[in-house]
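Please have the coordinates open while reading.

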Amino acid sequence: MQEAAAEKFVVEEQDAGQRVDRYLTVQLSGRSRSYVQKLIDEGHVLVNSMQVKSNKKLIEGEKVEVRFPALAHLELKPMDLPLNIIYENKDFLVLDKPAGMVVHPGTHGSHAEDSLVNALIHHCKGELSGINGVMRPGIIHRLDKDTSGLLVVAKNDKAHRWLSDEFKSRNVDKVYTALLYGKLHPLRGTIDAPLGRDTRDRKRMAVVGERLGKAAVTKYEVIHYYGEFTLVRVFLLTGRTHQIRVHFASIGYPIVGDDAYGKHDVNKKFDQDFGLKRQFLHATQLSFLSPTDTKKVEFESSLPFDLQSVLDSLSL
């Protein structure tokens with residue numbers, strides 16, 4: 001069993017008045033609010049050395065300490081699933097996730113044994129960070145089930161804290177490739193709109209007011225027009241759930257193949273004509289400072305066959 005890790009924060013002026021669970025959800029990049037609330041309920045969060053409740057309102061200057069419980073014995077079943085690992089050392093690995101694979105069990109209420117976590121447990125043989133809990137060992141960030149591309153995984157707690165800080169400080173460059181419905185103009189732009197849970201459907205995200213959501217910024221540049229469709233390169237400055245999908249849908253240019261936020265008739269046509277059964281979204285580039293030697297590392301992933309074949313067909 002790994003030793004418990006801890007992170008400490010001092011409440012700054014702009015954060016005063018926030019509930020402690022909302023505050024820590026932002027500070028602890030990569031952790032869900034429900035996970036943070038569980039830590040609080042179990043007494044792992046201290047404010048000025050005292051246990052608190054989730055609705056505790058913070059005061060400027062207060063000291064917040066999060067004591068992550070040691071990783072319990074994993075009951076998740078190791079699965080010998082194919083992993084396209086493009087780099088690995090003692091601290092982290094970078095892999096190319098295929099579409100159709102969920103990152104961790106429990107996604108969408110599923111407890112299947114074919115998640116990325118199950119595969120990682122088998123591959124790493126216990127060498128995964130425990131900061132994110134039993135169900136998500138090593139997971140720092142995630143990709144949606146039907147989004148393919150690059151993902152970094154921490155193999156120990158020290159690397160996890162380093163990489164989480166890099167994500168939180170926006171020092172990680174994340175570039176995606178997406179195909180949009182509509183001819184997007186201008187050629188370059190920024191979508192700056194807070195995101196939160198859709199009040200009509202809690203499984204969906206939506207653009208909301210600043211008080212209801214978290215800051216979300218997406219930059220893009222047009223790569224090519226294919227008739228009424230636009231291929232874009234997307235630069236993710238923040239990492240909110242469904243951020244790219246919701247942002248482009250909110251300005252009237254949804255991602256092709258997106259069942260949740262896209263256009264049904266367009267998705268149906270791409271399924272029938274090109275066999276595309278998921279959103280056209282791929283994590284193409286990833287770069288960050290390595291926790292091993294603090295040197296910058298860069299990784300790239302080409303479009304997988306299903307996405308490239310769509311572009312080839314549209315080019316005819």
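How many aromatic pairs does the structure hold?

## Aromatic pairs

The structure holds nine aromatic pairs, where rings of Phe, Tyr and Trp (its six-membered ring) pair if their centres lie within 6.5 Å, and planes under 30 degrees apart count as stacked, over 60 as edge-to-face and the rest as tilted. One of them is formed by Tyr 220 and Phe 248, an edge-to-face pair with 5.9 Å centre to centre and 65° between the planes. This pair links distant parts of the chain, since Tyr 220 belongs to strand E12 (residues 217-226) and Phe 248 to helix H5 (residues 243-250), 28 residues apart; helices (H or I, at least four residues) and strands (E, at least two) are DSSP runs, numbered from the N terminus. Tyr 220 counts as buried because its relative accessibility is 6%, and Phe 248 counts as buried at 0%, where buried means under 20% relative accessible area, exposed over 50%, and partly exposed in between (1.4 Å probe, protein chains only).

Ring pairs also link Tyr 87, Phe 92, Phe 288 and Phe 299 into a cluster.

## Basis of the values

The model is predicted, so that local features need pLDDT of at least 70 and side-chain atom pairs count only at pLDDT 80 or more, while totals for chains, interfaces and linings use all residues. Residues are numbered from 1 along each chain as its sequence is written, and side-chain values use heavy atoms, with hydrogens and water left out.

## Nonpolar cores

In soluble globular proteins, nonpolar side chains tend to be buried together. Here the largest nonpolar core has 42 residues, and those with the most contacts inside it are Leu 179, Val 232, Phe 248 and Phe 280; such a core is a set of buried Ala, Val, Leu, Ile, Met, Phe, Trp, Tyr and Cys residues joined through side-chain atoms within 4.5 Å. Leaving aside neighbours within four places in sequence, Val 232 is in contact (heavy atoms within 4.5 Å) with residues including Tyr 176, Leu 180, Tyr 220, Ile 223 and Phe 248. A second, separate core of 18 residues includes Phe 9, Val 11, Val 36 and Val 64.

Helix H1 (residues 20-27) has six of its eight residues buried, so it is largely enclosed by the rest of the structure. These buried residues are Val 20, Asp 21, Tyr 23, Leu 24, Thr 25 and Gln 27.

In helix H7 (residues 305-315), Leu 307, Ser 309, Val 310 and Leu 311 are buried. The buried residues of H7 pack against several elements, among them strand E8 (173-181), strand E13 (229-236), H6 and E14.

## Salt bridges

The count comes to 19 salt bridges, each being a side-chain nitrogen of Lys or Arg within 4 Å of a carboxyl oxygen of Asp or Glu. The side chains of Glu 88 and Lys 155 meet in one of these (2.9 Å, N to O). Because Glu 88 lies in strand E5 (residues 85-88) and Lys 155 in the loop between strand E7 (148-154) and helix H4 (157-168), the pair ties together parts that are 67 residues apart in sequence. Glu 88 counts as partly exposed at 32% relative accessibility, whereas Lys 155 counts as buried at 10%.

Arg 245 forms a salt bridge with Asp 144, with the closest N and O atoms 2.9 Å apart. That pair also links distant parts of the chain, with Arg 245 in helix H5 and Asp 144 in the loop between helix H3 (116-124) and E7, 101 residues apart. Arg 245 is buried at 8% relative accessibility, and Asp 144 is buried with a relative accessible area of 14%. Within helix H6 (residues 264-274), Asp 273 and Lys 269 lie four residues apart, about one turn of the helix, and their side chains meet in a salt bridge (2.8 Å, N to O).
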